[in-house]
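Please take a moment with the sequence and the model shown here before reading on. The paragraphs that follow go through the structure step by step.

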Amino acid sequence: MAELHPPVTDLDRVEAALLEAIGTLGGAATPVRAPHDPVRDGSTLDVALTEQLFDAQALSRHLDHAARWLRGKGVGHYTIGSAGHEGNAAVAAALAPGDPALLHYRSGGFYLARSALAGRARLDGVRDVLAGMLSLTDEPIAGGRHKVFGHPELDVIPQTSTIASHLPRAVGVAFAIERARRLGVATRWSDDAIAVCSFGDASVNHSTAQGALNTAGYTVHQGLPLPLLFVCEDNGWGISVPSPAGWVAATLSQRPGLRYLAADGCDLAGAYDAAAELASFVRRERRPAVLHLHTVRFMGHAGTDVESGYRGAGAIRADLARDPLLGTARLLIDAGVATPDALVQRYLAGRAEVRALAIDLAGRPRLDTAAEVMAPLSPRRPSNVAVRAASAASTDDRRRFFGGTLPEDEGPLTLAESINRALGDVLLAMPHAMVFGEDVGVKGGVYGLTRGLQKRAGAARVFDTLLDEQSILGLALGAGVSGLLPIPEIQYLAYLHNAEDQLRGEAASLSFFSNGAYRNPLVVRVAGLAYQKGFGGHFHNDDAVAVLRDVPGLVIASPGHPSDAAPMLRSCVAAADVDGTVSVYLEPIARYHTRDLHTTDDGQWTAPYVAPARWSGAHVPIGQGRVARQGDDVLIVTWANGLYLSLRAARRLAGRGVSSRVYDLRWLAPMPIDDVFAHAEEIGRVLVVDETRRSGGAGEGVVSGLAERGYTGRIARLAAEDSFVPLGDAAELVLVGEDDIVDGALRLLGERRP
Amino acid sequence: MSRRVTPIVASVVAIAVLGTACGDSRSRQRARTELVDQLVAGGLERPVADCVVEGFFVVRNDAELRDFFARDELTEAERAEFAELGEDCLDG
């Protein structure tokens with residue numbers, strides 16, 4: 001091998017093998033191919049692009065080595081690399097620079113190729129990635145919060161994905177490109193854009209990936225467009241577990257509605273030809289396709305992975321001969337445009353550049369305070385939200401939409417009716433809003449919450465989905481990040497749990513890990529909580545909110561009374577539109593159709609719909625509770641079904657001379673604890689009525705919040721037993737009842753119920 | 001090996017100059033290049049000097065480097081660090 005210049009003292013085994021192999025490649029071919037000639041006969045990849053992609057591949061490799069070097073010095077924090085996968089640079093080259101890309105963590109080649117093809121300076125992409133490894137605040141996407149591939153100017157949406165959890169969003173982005181065009185709504189993508197997502201071979205087996213592939217096929221089967229290119233980068237390994245031979249091809253190649261092509265990711269020209277063919281197909285036909293890219297994996301799964309513990313030395317050596325950089329070097333040498341020595345020197349010069357840049361960047365600032373870290377979690381502009389929440393369509397438009405009778409002229413409405421009318425107003429006032437979920441379209445929801453909306457707003461904006469909560473939320477995430485305003489419905493709270501990562505890992509984290517550059521405005525309506533007498537059992541009476549309460553930045557609204565339903569929904573929608581807020585709007589099913597509070601026909605669980613002219617005054621800011629009944633002897637803190645039960649109990653307590661102040665939290669996150677504390681301090685006796693479970697229930701937040709603020713008065717908490725909710729009357733044995741509240745209040749006051 | 005590296009480093013660091021602009025990567029690069037050159041002039045082979053200086057710079061922000069170059073003497077901790085870097089770099 002030629003003498004290395006600049007001299008290098010720390011080449012690792014993979015680099016040494018690569019440079020040695022390049023050095024042994026044959027001499028330049030004749031005739032020399034011109035820049036716009038195919039780099040190989042029969043390929044659509046030309047010489048000039050091959051040279052550009054070789055640079056992207058080599059720089060990506062240098063980043064992987066730099067990552068380990070920085071880690072060794074204690075200043076780098078991420079070593080999962082792209083080595084062996086650099087063929088994905090060909091995929092970037094086969095796409096348009098503005099095609100939205102959702103990339104997995106071995107996408108260095110793709111990212112650097114897109115950066116270069118977008119016209120940025122040669123080392124700009126390298127700088128981005130190094131800044132991520134070093135967790136620098138001026139890293140362009142996560143601002144030091146993670147090392148991800150992402151950039152708003154490159155239309156690369158950052159993914160911090162658990163395994164393949166970004167694929168449902170990718171389906172959503174592709175869906176949104178077409179749906180927005182149909183609706184005439186502007187998005188951040190061009191009308192002819194296609195979405196691309198990449199993932200590994202082991203991830204194919206994850207239910208989330210299977211769900212996304214299924215949803216793509218299902219969409220095509222319905223005759224709907226879905227311009228999405230799936231790219232499975234198959235290195236044959238899931239950390240230490242090999243993919244069974246032929247399995248990935250078997251599961252990807254037979255998908256209904258998805259065109260499939262396989263290519264060797266170690267052969268840049270072959271990978272490019274396949275990617276270009278599929279990208280062209282997806283763009284032209286607006287149908288999804290799968291590119292199965294065979295790759296190798298160098299240096300193990302990550303920096304801590306000792307590959308020799310589960311792979312033989314021979315197999316590892318054999319992979320070195322398939323190095324994608326070696327493949328590209330061979331193309332350039334065979335095309336007569338480079339010599340082995342020139343490519344070795346070019347590789348080493350790039351290596352030195354990356355190392356030098358890493359050293360220079362290492363001096364840059366890191367995140368310094370918790371406030372800095374958390375700044376993009378949930379930015380709030382309450383004044384702007386209030387203004388947006390008060391905006392409505394014209395009276396004439398509303399009259400037409402609502403079929404002649406305005407909601408405010410209908411008289412008192414139930415909770416379900418209030419939500420229905422509020423959704424109607426949102427759909428009318430916001431052309432980019434969409435309502436979707438299982439049974440929400442023609443049927444209008446299993447409880448009638450969306451009845452009539454499809455007919456009024458059209459099937460493009462109010463529609464039924466397939467039965468898969470991950471896909472429903474993924475659709476919403478893709479729509480939101482594209483510029484639409486999704487309001488999906490999860491039919492029952494218990495059904496959310498299998499898809500909860502789409503909220504936690506994807507929706508709530510996007511602003512955080514993109515430093516606010518990407519948002520997915522979202523209002524997820526969830527029917528839930530217990531007390532449906534004589535119906536359901538656990539799955540239809542689920543009250544598990546703990547999994548939602550600990551999601552950073554997530555807003556949880558839970559209206560109990562119809563008078564709050566519409567304004568709280570409008571607040572969530574406005575916050576989504578203004579700040580990109582992600583909200584869960586948790587509806588107590590048992591109160592949907594309730595009309596009376598104390599006696600038959602008292603109508604106290606209904607409320608008139610407020611006319612738009614008074615929306616401003618009726619606005620309910622996020623995180624603001626309210627006193628639902630005045631009193632001085634005991635403060636009952638509750639929400640949703642608990643509000644209904646507590647107001648009934650308060651009337652019974654009044655009959656015994658006890659004056660109860662009932663406080664409706666309305667928001668479980670952020671919780672209005674400061675306000676609760678003020679009332680608690682004033683009264684000195686607090687009864688928390690928590691319809692969710694004793695362990696992990698929302699009431700824990702009330703009690704600990706008061707304790708942390710120094711409340712020293714008397715306090716008790718009533719909560720559901722740590723049990724699933726059984727069928728029929730047995731449910732009452734584990735749920736908080738009206739009698740429990742009366743008893744609890746009297747105990748606080750030192751009395752006993754006779 | 002470290003016995004050979006440490007005195008060389010100690011003899012030259014006092015005259016290297018880091019620009020005053022915090023976060024100016026050109027100043028950082030210049031200081032690094034100058035330090036490497038001085039180590040080479042002091043007797044180290046260039047790849048080893050590169051390696052030593054890279055290892056020293058990468059773990060320091062600009063303020064820390066300014067503080068380093070403002071002093072005439074190495075601290076004991078820096079002396080030990082250079083010794084370790086020297087051994088690592090000579091080992092390849």
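Which side chain meets that of A:Glu51 in a salt bridge? In this predicted model, the partner is A:Arg346, and the distance from nitrogen to oxygen is 3.8 Å. The two residues belong to distant parts of the chain, for A:Glu51 lies in helix 2 of chain A and A:Arg346 in helix 12 of chain A, 295 residues apart. Side chains of opposite charge can pair when their charged atoms come close. Over all chains, the count of salt bridges comes to 53.

The size of an interface is often given as the accessible area lost when the parts come together. For chain A and chain B this buried area is about 1,300 Å², with 59% of it on carbon and sulfur atoms. Two salt bridges are counted between chain A and chain B, and one of the salt bridges found in the model joins the side chains of B:Arg32 and A:Asp360, with 3.9 Å from nitrogen to oxygen. Four residue pairs, with both residues at pLDDT 80 or more, are in polar contact across this interface.

Next come the sheets of chain A. In one of them, seven strands form an open sheet in the order 11-10-12-13-15-14-20, with mixed pairing. Its edge strands are strand 11 (462–464) and strand 20 (667–669) of chain A, each of which pairs on one side only, and the twist averages 20° from one strand to the next. Within this sheet, strand 10 (residues 433–437) and strand 12 (residues 485–490) of chain A run parallel and are joined by five bridges, and A:Val435 stands opposite A:Ile487 in strand 12 of chain A. Helix 18 (residues 469–482) of chain A packs on the sheet, where it touches strand 10, strand 11, strand 12 and strand 13 (522–528) of chain A, and the direction of helix 18 makes about 170° with that of strand 12 of chain A.

Another open sheet of chain A has five strands in the order 17-19-18-21-22, and its pairing is also mixed. Strand 17 (626–629) and strand 22 (714–720) of chain A each have a single partner strand, so one side of each is left without a neighbour in the sheet. Here the twist averages 25° from one strand to the next. Strand 17 and strand 19 (residues 660–664) of chain A pair in the antiparallel sense over three bridges, and A:Arg629 stands opposite A:Val662 in strand 19 of chain A.

Finally, two details of the backbone deserve a look. Most residues other than glycine have a negative phi, and most peptide bonds are trans. The peptide bond from A:Ala669 to A:Pro670, however, is cis, with omega near -10°, and A:Pro670 has its place in the loop between strand 20 and helix 24 (673–683) of chain A. A:Met299 has a positive phi of about 70° although it is not a glycine, and A:Met299 is found in the loop between strand 8 (289–294) and helix 10 (313–320) of chain A.

Definitions and conventions
Residues are numbered from 1 along each chain as its sequence is written. Chains are lettered from A and ligands numbered from 1 in the order in which they are written. Side-chain values use heavy atoms; hydrogens and water are left out. Buried area is the accessible area (1.4 Å probe) that two parts lose on being put together, summed over both. A salt bridge is a side-chain nitrogen of Lys or Arg within 4 Å of a carboxyl oxygen of Asp or Glu. A polar contact is a pair of N or O atoms within 3.5 Å; within protein, one must be able to donate a hydrogen and the other to accept it, and residues adjacent in sequence count only if both atoms are side-chain atoms. Two strands pair if DSSP finds at least two bridges between them. Helices (H or I, at least four residues) and strands (E, at least two) are DSSP runs, numbered from the N terminus. Axes are lines fitted to C-alpha atoms, for helices over the stretch in contact, and angles run from 0 to 180 degrees between N-to-C directions. Contact means heavy atoms within 4.5 Å.
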